[in-house]
Each structure stands twice: as C-alpha cells, then as structure tokens.
Number of protein chains: 4
Amino acid sequence: MSTNRKELERAWSFDDVAIVPGAVTTNPQLVETKLKIGNHDFDVPIIASGMDAVVDTKMAVSLSSLGSCGVLNLEGIQTRYRDTDEIFHSIANADDNEVTSLMQKIYSKNIDTSLISQRIHDIKQAGGIAMVSATPQLTKIFAPIAKEAGVDFFVVQSTVTTANHVSRSLKGLKLKQLVQEMGSIPILVGNTVDYSATIELLETGVDGILVGVGPGAACTSREVLGIGMPQVSATIETSHARNVFFEKTGKYVPIITDGGIRTGGDLSKAICSGADGVMIGSPFASTIEAPGQGYHWGMATPHTELPRGTRVKVGQTHTLKSLLFGPTSLTNGTENLMGALKTSMATCGATTIEEFHSVRMIIAPAIKTEGKIYQINN
Amino acid sequence: MSTNRKELERAWSFDDVAIVPGAVTTNPQLVETKLKIGNHDFDVPIIASGMDAVVDTKMAVSLSSLGSCGVLNLEGIQTRYRDTDEIFHSIANADDNEVTSLMQKIYSKNIDTSLISQRIHDIKQAGGIAMVSATPQLTKIFAPIAKEAGVDFFVVQSTVTTANHVSRSLKGLKLKQLVQEMGSIPILVGNTVDYSATIELLETGVDGILVGVGPGAACTSREVLGIGMPQVSATIETSHARNVFFEKTGKYVPIITDGGIRTGGDLSKAICSGADGVMIGSPFASTIEAPGQGYHWGMATPHTELPRGTRVKVGQTHTLKSLLFGPTSLTNGTENLMGALKTSMATCGATTIEEFHSVRMIIAPAIKTEGKIYQINN
Amino acid sequence: MSTNRKELERAWSFDDVAIVPGAVTTNPQLVETKLKIGNHDFDVPIIASGMDAVVDTKMAVSLSSLGSCGVLNLEGIQTRYRDTDEIFHSIANADDNEVTSLMQKIYSKNIDTSLISQRIHDIKQAGGIAMVSATPQLTKIFAPIAKEAGVDFFVVQSTVTTANHVSRSLKGLKLKQLVQEMGSIPILVGNTVDYSATIELLETGVDGILVGVGPGAACTSREVLGIGMPQVSATIETSHARNVFFEKTGKYVPIITDGGIRTGGDLSKAICSGADGVMIGSPFASTIEAPGQGYHWGMATPHTELPRGTRVKVGQTHTLKSLLFGPTSLTNGTENLMGALKTSMATCGATTIEEFHSVRMIIAPAIKTEGKIYQINN
Amino acid sequence: MSTNRKELERAWSFDDVAIVPGAVTTNPQLVETKLKIGNHDFDVPIIASGMDAVVDTKMAVSLSSLGSCGVLNLEGIQTRYRDTDEIFHSIANADDNEVTSLMQKIYSKNIDTSLISQRIHDIKQAGGIAMVSATPQLTKIFAPIAKEAGVDFFVVQSTVTTANHVSRSLKGLKLKQLVQEMGSIPILVGNTVDYSATIELLETGVDGILVGVGPGAACTSREVLGIGMPQVSATIETSHARNVFFEKTGKYVPIITDGGIRTGGDLSKAICSGADGVMIGSPFASTIEAPGQGYHWGMATPHTELPRGTRVKVGQTHTLKSLLFGPTSLTNGTENLMGALKTSMATCGATTIEEFHSVRMIIAPAIKTEGKIYQINN
C-alpha cells in the first residue's frame, strides 16, 4: 500500500483544444494523408467502426472503393441472421420504451459461424477490403475461420462497453501467438488509452492500435462505470508510446483514434495529437448507405443486466461521398471531412501526417451554447 | 498572524474525474468488494444513510438480508414517535409552502429514549444488523442505551447540516473513552474531509471514518454556510491519512465516503479514490421500500432559525434489489450499482478494492447539458 | 519596455471556492464577530453601501440600532433634493426604456451642500452612527462640512463605476493631509483590489480599506471597461497587505470587502479570505426599509456618455432584521446572514474572525444550473 | 520524430480575463490612444476589416474623417461589380437556405482590375485614406496597380478562412521584395498568432502585423478545421515578439488584433494585452453606414467546396459615430468604444497605450448565462 497521496492529471478532449497555425501554409492539394497498416496504404485515414448500424457487407465495399475501409463486426446482427433487412427495420421502427428489450431479444440469438465466411466472401467478391472484428474471448474461434475465408485485416476489440473481459492473454504470449498464427494478416488491437498499456500491446507484435474508451455517441460508460479518458490526451499518450517503440525497434505501428469524432475539426485534432488514422461511427451511421437506417447504437446497448447507451436517431443526412469529400453547403464541419483535414494541414504548412504531428496545439475550450459550439478564439 | 498569502488548492468532485483503464481487465464475477468494519464483513460496501426518509427498522432488516446495512437515526422520527406511518404520510402530502414549518413542528417533539431500545430490538429480532447514529452531544446519553439494547455498530455523526456543534471532546480523550466504554462494538465517526482531522480521529481508536460535508442531495450547506469539500478530493485526502496511519500502527480503518453518490460511476470513483465503502441517501430514498414514500430531506431542513435543504421529491422508482443488483433497463447508471462497480473494477483489472485504489484517475470534467451528463471522453 | 512575456495569474470569486471544516467545531453562540474601525466596535461586521437605493437617514439609524451601520452617499439624491419621496417614486415607476434618461435628468440637479449638514444632524439626532461617503474630487469640499456637522466616519470612495478619476492625491500627501485634518474621525478609503495599491493606501494613515471593483449587482464594468477582479482573490491580496503592514507598524487596519455578496456563504467566504467586514448593497436594497422601494441601481447608471449598470428590480423581500438575524424559512442563504456566518465559523472551530482567517479554503467551483447554484461537493 | 510527449499550453480569450486597476487613476480626457503605422498617426486605433459587408468607398471615407480607417477588400464585390447596390440588396434579401449558393454564384464573377484603381481614386478624391487588402497570391498583381492608383496602405492578408494558401514567399525574400517595391507605402501583413511566425514576418520589413485566426463572428474555422488561437494569448505572444524585435532593431511595428472584439471591454483587453490597435468587423457591419445593410459574412462563406461561416444578421443598430464616440444609452459596452477604452485606461492610471501594456491582467472567466455575460468579480 502506497503512502503517497493519489495524484490526478488533467486530460483533454477535442472541444478543449485548438490547432495553432504558424507562418507558413501550403496548398491543400499538395497534402498527403495516407494511412499505412501492415503493407496496405489507405488513401483515406478514416475507418468505419465495427458496429451493426455502421457496417454491413455493402457498406464495406462502398468504403473500400473510396479509399477508406469498414470493420465488419463478427458478433452482431451480420453473423446471427442471414437476412438482416427485417431486423434493422424492426429496430428502426421500435418505440423508445420497447427498443432496449427488443434489442436484448435480437442479440440473444446464437452466432452462426458459417455466416463469418459468407460475409467475408461477399465483401471480397465485390472487390472490397475485408476487415473484421471480434472480442478477445471469441477471437480464438473466429480468427482461424476468418483467415480461412480470406480476410484482409483482423481487429481484436475489447471496449469497456462490451462488458466482456479482455483475458490476461492480451498481455502476454497469447496475443503474440495470434499474431504468429494469422501470418501476413495484420492484427489491430484495442481499445487502449494509456502509455504503458500501449507499450505492452506493441511488444506483442500487432500492426495497429485502437485508442479510446467507448465507441462514441452511442456509449454512456462514464455515467455507469465512471470510466473514461478524453481522446486528445489518450491519443497524445499512446502516440508517445508509438514513437518510443519506433525509436527502439524501428517498427512504426499506426495509432487509430476511435470514438468521439464528429467534425472536420475533431478529425484534424485527432491527427495533430499524434494519430495516424481514426475510426468513426456516428458520422457513417448517418449516411444514406448505412445499414442502421438513420439509427445508431453501441454493442453494450442490448446488455441484459447492465445496458449502457441507447439507440440514437442520427438521421440519414448525407451520402458517403459528401461525408468524406464534399462538396457541401453545410458550414458546421460535419461534411467533407477529408477536405477539412487537408485544409487544416495545409493551413499549418504540414504536407504529411508526420509533419502534422509536430504542429502546435493549445488548450482553448470551446463554449457550447444551445447545442452549438462557438469558437472562443475570436 | 501569518504574513504569507493564503493559498488555495484545487479540489475535485465526481463529475470532474474519470477512471482510466489499463491493458489488463478481468471477469466481473471474479471481483471481490467486501467492506470490513471491526470484525464484520459486508458483501455490499454500500451503507444506507442515517436519515429519516431512508432507514426505518424494516429497511434496516431488508438491507442486512442483501449484504448491505442501514443506519437508524436515533434523533429523528423513529425515536420521537412510536407510530410513524401518519408522520411520514403528512410530510409526503404537505404543500411545498407549508412543508418547512410542518417539519419544524414534527421535529420539535421530544425524543423518547425507550424507543431507542425498541427500534434496536425490532431490528435484531428480525435478523438485521443494528447500526445506529447520534450526534456528539447526545452520544453520551444514547450510546449506553444502545449498547444495553444489543446494538451492533454505533455512528457518531456530526455534519454541518445538523447545525449542532461537535464538542471538543471529539478531539481528545472523550471519544477515546467512548471507544473503551462501547467495548467490542465498532464506532464509526464523522464527518470529516481533510488529512489532519482524519489522523486525529484515527488516533482515538475508532473503527470507521465517514467522509464528506453534508449528506448529499438534501443539503445546501454551500450556499448558506460557504462550506464544502468535493468528495473525490476529500476521499483522496482522508484515504491518504488512513494509509499513513496503517503504515504506522498496523490498524486498517475503513474510509466511507458519505454524500453525493447517485450512479454506478460515482460509486466507482469514490472507491477508486481510496474509499473502502460508501454511504448513500437519495438512491435508497427513491426505493419502493424506503420510509420516505418518495420524498427525501436532510436533518437540517427543520432547523428553526437557519433551515438548510428542502424536502426533495425523489420518487419511488426502483426496488432495493434492482438498485443494488439489477437487472435494469436503464442506461444512466442509477440502477445495478454493484454490477456497475464490479464491471468498472474488472475493466481496470482490479480484483479487490485494495487493487482498485491503485488504478489511475484523471481530471476530465463531464459536460452537463440540459440536465444530462455527457461524457467528454469521446 | 519589458521584453518579458506578460503573465496572467488566475483569480477566484465566491462561487469558485469553499471553506473546509476541520475536526473541531464550536458552538455558534460562542463566536465573536466584532468589526473594529478606529475606536468603534460594530457587533455586525456588515456595512450598507453608500448607494441611493440602499441608505437614507432612516435606514442609517435602523442599521445603527442593530449593531451595523450604513453609508450615506453625499453625491446622490439625498444631497440634491430636500424631499426625496417623489424622486424615489418616479424611479420605481419609470418604464424600462425611459429609466436611464430619467435618471440622467434626476442626477443632473446640483448638490445643495446645506443638505450635507442636515442629513448628518438627522442621523445623529435619532441616535444613529453617521458614516458618509464622497468621491476624491469632492472630498476636499465636503469633508470639512461633514466634520463640522459631527460626522462619525468619512469614506473616500472612488470606484470605476463612478467614471470619476481618483486624483493622484490619493497616493501621496493629500490623503495623508485629509487624515490629519479630520483628526479623530476615522477615514475609510477605496476601492482597491491589489497588494501594492493597498500598501500605498495604508501608508497614508487611513483607518479602513474597501476592497472590490464595482458595487455589485448594479455594475457592468466588466463588459464596458474590461475591468474586474474576483472578490476572493482581491480580499486575499489586500488582507495579505494588511498583515504585512501590521507586522511592520503594529497598526491593524480592517479590510472591508465591498461587492458581490448575496448569501451567507458569500459572506463567510469573504471573511475567511481575510476580510474583517463586508459592505453590501443589493441584499439591503431588497429590505422593506430600504429607500429604493424594491429597486437598486449603481452610481454609474445615470452617466450621460457611458452609462454602466441598470436599474435592477430586487423586490422588497425581507425585513432588515430577518436579513441580518433571521429567523427564516428560506434555505438559499439569503436571510439570517449573521446566523450563517456564526454557524460557518463555529463549524470550522473559529471563535474569532482572526481565527477564521486561518481556516482552509479550496477551489471547488459551484455549478450553476437554471439560475440555481448546486453544490458540487456531494 | 520526437520521443517527447506533446505538451499543451493553456491559452486565453477576452471572456477569460480582466484588467486589474491599481491605486492611481487619471482623467479620461488626458488619455492618448494614437496608433502609428509607418508615418501616419490614427487618432482612433480601430481599423475596419477588409470585408465586403463592412467597407466600401463611402465607408472608408467616413471612417477616415473620424480618425479611423477602413480596409477595402480587392477580391470581393467592390472589384467584381461596378454597381454594387443590387448585389448587396440581393444578399440581404435572400432566404437562409439559398444564401450560400447565391453567394457562391456572386463570388464566381471575375475580378475587374480596372475597378481597383477606380475604388482607390474614389476614396482619395473624397479625402479618405486608401487602405486595401489582397491575398498573397494576388498581391503580386494587385500591389503595383494599387501603388499606381495612389494607395496609402497595403494589407497582405491570408486568413485560414479564405482557404487560400499563403505561399512560402511570405517567409522569405518575396515579402521583403514587396516591401521594397512598394517604397514608402506601409505594408501590413497577417494573420498570425504566434511568437516565431511574428518574428519571421517582422524580419521582412513590414510595417504592421495583423493578429488572429479568422475574422470574428462570421467565421467557423474552429469547427471545420480545428484551428484557433484565443485572441488574448495570441496578442500577448505576438506583442512579446514585437518587443523583442524592437529591442534588437529599434524598429517598433504595431500589432493589430483582428477578430472577436465586440465591446469596449474586449477592446480594452486587446490593447492591455499588448496590441497597438485593433481590426473589427461585426460592430462596423451593424452601423447604418455599412454596405452590408444589416448583414455580415466572411470571405470563406461562398467557398464552393468547404464553405465556412454563414451570413449573419447583425442589424443596423447604431451610427458610426455612436459606435466610436457615443453618447449612448446602452449599458452593455457595444457603443462608445473609444469612451470605454479611455475610461478603462484612465481607471488604471495609463495615459498612453504603452503604459497600458504594463497594466496587470488576471484570469477570471466571465460566466455566460442566457446569452448575457455576467461579471464574476462581484
């Protein structure tokens, strides 16, 4: 037992910070934003979250064709139901007071492992990139099936919102063993938020780190569990670990900030904080192409004893293309995310993501009034 | 007179902080949350406050049967009236503008000391644990009566909201003397909020320390008196004193954070801050089993010259069991407190409360908008 | 020109801080709260501001009889009009859009110096304490008249809200000269907010220092001029200067915090910060006895070119006695200010104001929601 | 790649700070507020922004006659259309949902360079000061035309809101070359916010620095791009650079804070932070004389792919004269800006802007409630 008094450090979120431009800027068209995972380069450093309302096979293919990519959740609706249309329809049309119990019922159906192969085949056949996710407990069973089916990337994802436990295997030989068994298939793992946890994960040989507690808008971990870490500080800490690991080993493993990004400003701040890419849910859930039909929910929502998060109405407010590349007539930063990122980088004179990592950020909280964020810088 | 400028240190409350998960998590079923006071182990480290709207004899028995425990206030309605049904009914049905004077009248009736023995007997006979509380002034008279009646735990509780003064005896020999006179009956004492006050109390030989100024939602000490100490900082400071005292003496005295805990998140943060258990009022007052019939008030409310706090409508929104253990369909953390605590601990890889005390916490204020707490971590 | 970067220090206001109780408390009846100015002891360390809506001769007499005292403004309605009833009536009944120009007209009438003697005589004859105020420019003319008329205390008050300039005389010999000329009549001077300004003023030989920028609720200096200093920090700094000066000279000069105090909590924090007394306006303006008839305004309101502050409706919500001593059925701290102060001091074990100056305070911002201050400490 | 953890420093805005008065004040009439750029002295250190809704030729002339000055934007409506009345009328009368596309169309018309000379001639002929602005890309072409036409000041302005890139030339010889080519015509350049960028710009020989990201109310850079720097910190940093440069070279180059100033309080804080003058948009846009007819918009609003900011209704609420010099019956600081600045300086005993730079400021956030700023200092 320590006789030191517990010390608390301040941590920061997107709305707390701002990027500071210097004297030199550059042309947005000259900006390079590639995200490299394993040997694959993604032109768009934005990955769609492995959530049921965000990614189905069609969405995964559409994303791939745009230079991005989507994670198919192997423990959700896609692997419990062959025909999913009716399921999504019933969730979208449920009353608010019945939706939690409806989802508790829907998610109680067993996973059909044959659907794992099926979904991967469907994505590959349509020319898409197959990136799938499982929780640590089921990874042992699902990873070989996915490998057999020709998967491109495997994500071992354990968030506090799943209420599942990451077994101690994550720490030691077993994750190392998974890395070896999967061979050339890159493994992404998460979620983590601090320096030493990141160092531990990097030492197992994984190819990407997901950063953040909880998958964003559909999560209420903080109220229920008291757990949380603001994304800017989480990204700064884990990126610091990545740099120290790179310095030591020569291996550069991308940091992917997962959760809470809604605008071009958030995206730019995540990258400026040290991320190589981001994972987002809600903005994709609100595209016309998303399976959620204008609704979004987290994987902890249907938990039978301790549900967290709710079904959120996000609307179907833009196309995938206008979300990523514009053009847009909106002035609130929620569309043309790539245009915003490139303009932000160019304004700071950064032509690569690595250069953007060195750009200055300051603490300058935005003021939220009536649901709108006002800038306080002028 | 000091010629140094007065220095102010920042203090933190539940909404200001978040718990940071590390790399390793464990299974919530493996988590151990026992609270040991004297030689007694409570499975549920949550004690119901000694407030009239929260604990009567029936409530004390129900709580005991669930592994928890409730404090019976020896200076309230239970010891002033033999039949209390009508009293509670009149408070619950009073108009807002007459309730303060009604309570001033109700609480002006003299205490009938024979009811002290009666209430303790009733609890013991029904198999419950008898934990009772008195203010310092009346402890000298009531403690022997309670001992005689077979009480299990005695709480000497002096909060700022009672407007009674803790006599200087608390500091010196007299509390020591009480400890000796009560023999094997554990003495809990409070409320305190800072390091040196805790050390002083520990040196008298008491078996538990209550931490916090004011009993929670039913208290307005801050506006009236300017007095307050955020619970996270109070818990960190007093736990620090406990550790230093343990290091020196080998005696481990539990810290019980009393006040302001409404959700599983608050509970988890209190324990992570260093508490061994908590005392809560409002959440129990809003159970169907509570004597308050959907209302809650503090002991300073009926004060005749300087009333503080008001009768608060808390509703009768859950059963005692769903409050403590679920299951629940609510996603705001106000039910299944034990499930939330165990999940929170498991997520941080802590299998005991002692391990949870070492888990990292950060300062990351939650944003309150329209009465809802939003997490700012993603 | 300095080539150091300008540094900004954080300053704190009443809502930012809380008083921390220790282990020992005492009985409120044992608490001593005397304010000594010159050779006079006031039982109530609360002075009513020299504002037209707050103090007329009748109010000054009533305050004296209660152990308190009120400042009569020598440059307001009382010295411009013999019969003031109609004037106050017209202000209270003016429309919002005409009130500023009405006041500009009322305050353009010349001061009748014979009314200075008249008002002082009236107060003295009724057994009251005559404390009067003037701005620095008019002090030279008014002080001899007031002395001649038998004034008890003279306040040289120059706030930013008067838009009058404090002549450089305040700094040097001329204030010293005033002190000598007034003989045994104590001089209070202000307003000031920082350490070095206080030291300068103390060295002139004055008997009291008023602390604070602007006279409280009726002031908008901050928006118009950008000027301000939170009262807790201002009180800590100026009290520090008082202690250093006392250490050096053996002369103890009371610090009187002027502005922004609305509740017993604010009052307690001002005293705990180092003040020996306070000056308040709005709470007195809202007594039935106040001349303002339920309205309050600052002296800068009728300024013809740069009006600051407005007429504020404060209501007539309590008697002078219930404001100072209760009893009260309100639980928000706005009545029974002395009861609150004594309870607060007693709760911290302080029996004198000097002891209360040593009590710990912490930074713990209150959360304001829907116009109500919630305590964040539990 | 750095293996240091990224550090974030806190930055401050107008609402975060307050100016602290000392013991000595002076008479507002004695205060001197001249802004010197090159060899020209402006009595009013407030320049109107080079935005279409703010400055046309008539406005430029009116401003000059009052001792102030306005920047004519060479890339807006004034140089695209000979007759502008109809254009402004159509913008003012467009529906909210069509205004962005209408502006995208209006701003797609080519610039007619003959109008550059025309506008400058018009201003000069009416006795006004001709100050014009262009972005870095077009400066090479427009500067010689402007010089030929007899321009008085040339502003090279590149804000993040234009989405244009400042070419690397800003940094090196090319800006130096522009300075030489323009001869005795002073060059102002911006916008910048940090120390080292300011030093770089100063070394090119320019005669004024504009400070701030984005031109104020009509800008949403922060949400879209994540970019921002609060004005108080930006002014402190860049003024620090000015002082260091002056110490080294003996050349004093004025710092002009551009953006976010709405009240006399903001203006006073900008100057106290180190600025020699300010540039403001919205307050001028809301004068009866402004070309915008009660509306205001930024230059990034009509951007075709990434529009930022919107047309804002600002009203036509005062004359130019009442804005700058009063008199006013408003008490919120939005009129009589010069009266407020002089009173603020006088209250702090500063008779020159240089003296005001040394006055103390503290961090004391204003509380915004229901759209109103309340002062927290009392």
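**Reading the features, step by step**

Author: Gladly. Let us begin with a proline: P327(B) sits in the loop between α13 (320-325) and α14 of chain B. Please keep in mind that this is a predicted model.

Reader: What is the peptide bond from G326(B) to P327(B) like?

Author: That bond is cis, and its omega is near -5°. Chain A has a cis peptide bond as well, joining G326(A) and P327(A), with omega about -5°. There, P327(A) belongs to the loop between α13 (320-325) and α14 (337-347) of chain A.

Reader: Now to phi. Which value does Q293(B) have?

Author: Phi of Q293(B) is about 55°, which is positive although the residue is not a glycine. Q293(B) lies in the loop between α12 (282-285) and β13 (295-296) of chain B. In chain D, Q293(D) also has a positive phi, near 55°, and is a residue other than glycine. Its loop runs between α12 (282-285) and β13 (295-296) of chain D.

Reader: Why is Q293(D) called partly exposed?

Author: The count of neighbours decides: residues are buried at 20 or more other C-beta atoms within 10 Å, exposed at 12 or fewer, and partly exposed in between. Q293(D) has 15 other C-beta atoms within 10 Å, so it is partly exposed. For Q293(B) the count is 15 other C-beta atoms within 10 Å, so Q293(B) is partly exposed.

Reader: Let us turn to sheets. How do strands pair in general?

Author: Strands of a sheet pair through backbone hydrogen bonds, in a parallel or an antiparallel way. In chain B, eight strands close into a barrel with parallel pairing, in the order β5-β6-β7-β8-β9-β10-β11-β12. On average, neighbouring strands of this sheet are turned by 25° against each other, direction ignored.

Reader: How many bridges join strand β7 to strand β8 in chain B?

Author: Four bridges link β7 (residues 131-134) with β8 (residues 153-157) of chain B, and the two run parallel.

Reader: Which hand does the β-α-β unit of β9(D), helix α8 and β10(D) have?

Author: That unit is right-handed, and its helix α8 covers residues 195-202 of chain D.

Reader: Next, helices. What describes two packed helices?

Author: The angle between their axes and the distance between the axes. Take helix α11 (residues 264-272) and helix α14 (residues 337-347) of chain B: they pack at about 50°, with axes 8 Å apart. That angle makes α11(B) oblique to α14(B). The crossing of α11(B) past α14(B) is right-handed. In the contact, G264(B), L267(B), S268(B) and I271(B) of α11(B) meet L337(B), A340(B), L341(B) and S344(B) of α14(B).

Reader: At what angle do α3 and α4 of chain C pack?

Author: Helix α3 (residues 85-93) and helix α4 (residues 96-106) of chain C pack at about 160°, their axes 9 Å apart. An angle over 145 degrees counts as roughly antiparallel, so α3(C) and α4(C) are roughly antiparallel to each other. Their crossing is left-handed. I87(C), S90(C) and I91(C) of α3(C) make the contact with V99(C), L102(C), M103(C) and I106(C) of α4(C).

Reader: Which residues of helix α1 in chain C are buried?

Author: In α1 (residues 57-65) of chain C they are T57(C), M59(C), A60(C), S62(C), L63(C) and S64(C). These buried residues pack against β5 (46-48), β6 (69-73), α5 (114-125) and α13 (320-325) of chain C. After α1(C) comes G67(C), with a positive phi near 95°.

Reader: To finish, how many helices and strands does chain A have?

Author: Chain A has 15 helices and 17 strands. Of its 378 residues, 62% count as buried.

Conventions. Residues numbered from 1 in each chain as written. Chains lettered and ligands numbered in written order. Predicted model: local features only at pLDDT ≥ 70, side-chain atom pairs only at ≥ 80, totals over all residues. Pairing = 2+ DSSP bridges. Axes fitted to C-alpha atoms, helices over the stretch in contact; angles between N-to-C directions. Right-handed = clockwise from strand over helix to strand, strands pointing away. Parallel < 35°, antiparallel > 145°, perpendicular 65-115°, else oblique. Left-handed = near helix turned anticlockwise from the far one by under 90°. Contact = placed C-beta atoms within 7 Å.
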